[in-house]
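Subject: Structure handover

Hello,

Here is the structure I promised to pass on. Please open it alongside this note.

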Amino acid sequence: MNDKTPQPPGLPPSDWPELQPGWVWLCGAGPGDPGLMTLHGLNALRQADVVVHDALVSDAILDWAPQAEKIFAGKRGGKPSAKQSDISLRLVELACEGKRVLRLKGGDPFVFGRGGEEAQTLVQHGVPFRIVPGISAGIGGLAYAGIPVTHREFNQSVTFVTGHDQSGETPSSLDWEALARGSQVLVIYMGIKHARVIADALLAAGRAAEEPVAVVSNATLPGQQVMETTLAQLADDLDRSGIEPPAILCVGRNVAMRQILDWQGLQAG
Ligand SMILES: C[S@@+](CC[C@H](N)C(=O)[O-])C[C@H]1O[C@@H](n2cnc3c(N)ncnc32)[C@H](O)[C@@H]1O
């Protein structure tokens, strides 16, 4: 942190909980823009002895805990990520050493974030913990692209889907036909790599070729990119675009709302 690092505002007066020695708080940092961190998250950052964080947590947020040791527990530069069981056990060790442990994850810890698995390990080892939810990329990230995840005109349901499973392949347990028939809007995390397979499966199951699709990468961050396309064009357009993860795919008629609600584009004139 340097002198120019913007400081977050102080916490408003309230009965903020204390992060006690030997505790782990599993906290979501939101999709990237530091302002989307919750006040409970900021309260945790202020107290932590150690912050165990993923790659998707921005440096600006980590800078809000200058006193804390930072332990990186994510995937970087295509290198294999730390084993999930090792990360979970590290949290247990740190807590048993009497540290105030903040486990900080991108988005929400319980949305495709393995927060449930880590919390299970804490329970198994008798480590006290608290869950601090965060704004998930599939909601907040779309909002930054001017896409309401629900809109009464278009959808009364939305389904959050992961585009790959533990093996890195498109999840074989997903019934794409049922998803295509049953959910008006699909919000797909980690879907870039398998976009062609996913689009083909949805088209084969009867979704319209011209159905709107948005790809939002680096949502809420300065490098945010949004690509609007159709289900039939998705894979080819993605290949041409050079868009890289992290990215969210949104399939549904709500995507068309961006034409009028792209608030960042409107501000830019
Ligand atoms: C392991 S999941 C974690 C999801 C996270 N727990 C959440 O609630 O947003 C990682 C995936 O989330 C999505 N994601 C997270 N942050 C994002 C961002 N800033 N922009 C676009 N997609 C993002 C991408 O699909 C990425 O591959």
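Below is what I found, going from the whole chain down to single residues.

**Overall**

First, a caution: this is a predicted model. The chain holds ten helices and ten strands. Its radius of gyration is 20 Å, close to the 18 Å that the globule rule gives for 269 residues, so the chain is as compact as a globular protein of that length. The C-alpha trace spans about 55 × 45 × 35 Å along its principal axes. Buried residues make up 41% of the 269. Take the contacts between residues at least 6 apart in sequence: 74% of them join residues at least 24 apart.

**Domains**

Across the boundary, nine residues of domain 1 are in contact with eleven residues of domain 2. On the domain 1 side, the touching residues comprise six nonpolar, two polar and one charged.

**Ligand shell**

This part may interest you for set-up work. The ligand is surrounded by 25 residues. Gly-107, Gly-113, Ser-136, Ala-137 and Ala-219 are the closest. Three elements each supply at least two residues: helix H5 (137-144), strand S8 (212-217) and strand S10 (247-251). By class, the shell has 14 nonpolar, nine polar and two charged residues.

**Helix H5**

Seven of its eight residues are buried, so the helix is mostly covered. The buried ones are Ala-137, Gly-138, Ile-139, Gly-140, Gly-141, Leu-142 and Tyr-144. What do they pack against? Their partners are strand S6 (158-162), strand S7 (185-189), S8, S10 and helix H10 (263-268). After H5 comes Gly-146, with a positive phi near 80°.

**Strand S1**

Is strand S1 (residues 24-28) enclosed or open? Five of its five residues are buried, so S1 is largely enclosed by the rest of the structure. Side chains in a regular strand alternate between the two faces of the sheet. In S1, Val-24, Leu-26 and Gly-28 point one way. Trp-25 and Cys-27 point the other way. Both sets are buried.

S1 has parallel partners to list. Five bridges join S1 to strand S4, and the two run parallel. Within that pairing, Gly-28 has Lys-105 of S4 as its bridge partner. S1 also pairs in the parallel sense with strand S5 (residues 129-132), over four bridges. There, Val-24 stands opposite Phe-129.

**Pro-34**

Pro-34 sits in the loop between S1 and helix H1 (39-47). It has 21 C-beta neighbours inside 10 Å, so it counts as buried. Beyond its neighbours within four places in sequence, Pro-34 is in contact with Ser-58, Ala-60 and Ile-61. From Pro-34 to Ile-260 is 226 residues in sequence and 26 Å in space, C-alpha to C-alpha.

**Backbone points to check**

- The peptide bond from Pro-245 to Pro-246 is cis, with omega near 5°. Pro-246 lies in the loop between helix H8 (234-241) and S10.
- Arg-114 has a positive phi, near 60°, and is not a glycine. It lies in the loop between strand S4 (101-105) and helix H4 (115-124). With 15 C-beta neighbours inside 10 Å, Arg-114 counts as partly exposed.
- Thr-220 also has a positive phi, near 75°, in a residue other than glycine. Its loop runs between S8 and strand S9 (225-230). Thr-220 is buried, because 21 other C-beta atoms lie within 10 Å.

Which of the two, Arg-114 or Thr-220, is buried and which partly exposed? Thr-220 is buried, whereas Arg-114 is partly exposed.

Best wishes

Note on methods
Residues are numbered from 1 along each chain as its sequence is written. This is a predicted model: local features need pLDDT of at least 70, side-chain atom pairs count only at pLDDT 80 or more; totals for chains, interfaces and linings use all residues. A residue is near a molecule or strand if its C-beta atom, placed from the backbone, lies within 6 Å of it. Ala, Val, Leu, Ile, Met, Phe, Trp, Tyr, Cys and Pro count as nonpolar, Asp, Glu, Lys and Arg as charged, and the others, Gly among them, as polar. A residue is buried if 20 or more other C-beta atoms lie within 10 Å of its own, exposed if 12 or fewer, and partly exposed in between; C-beta atoms are placed from the backbone. The radius of gyration is taken over C-alpha atoms; the globule rule is 2.2 Å times the number of residues to the power 0.38. Two residues are in contact if their C-beta atoms, placed from the backbone, lie within 7 Å. Two strands pair if DSSP finds at least two bridges between them.
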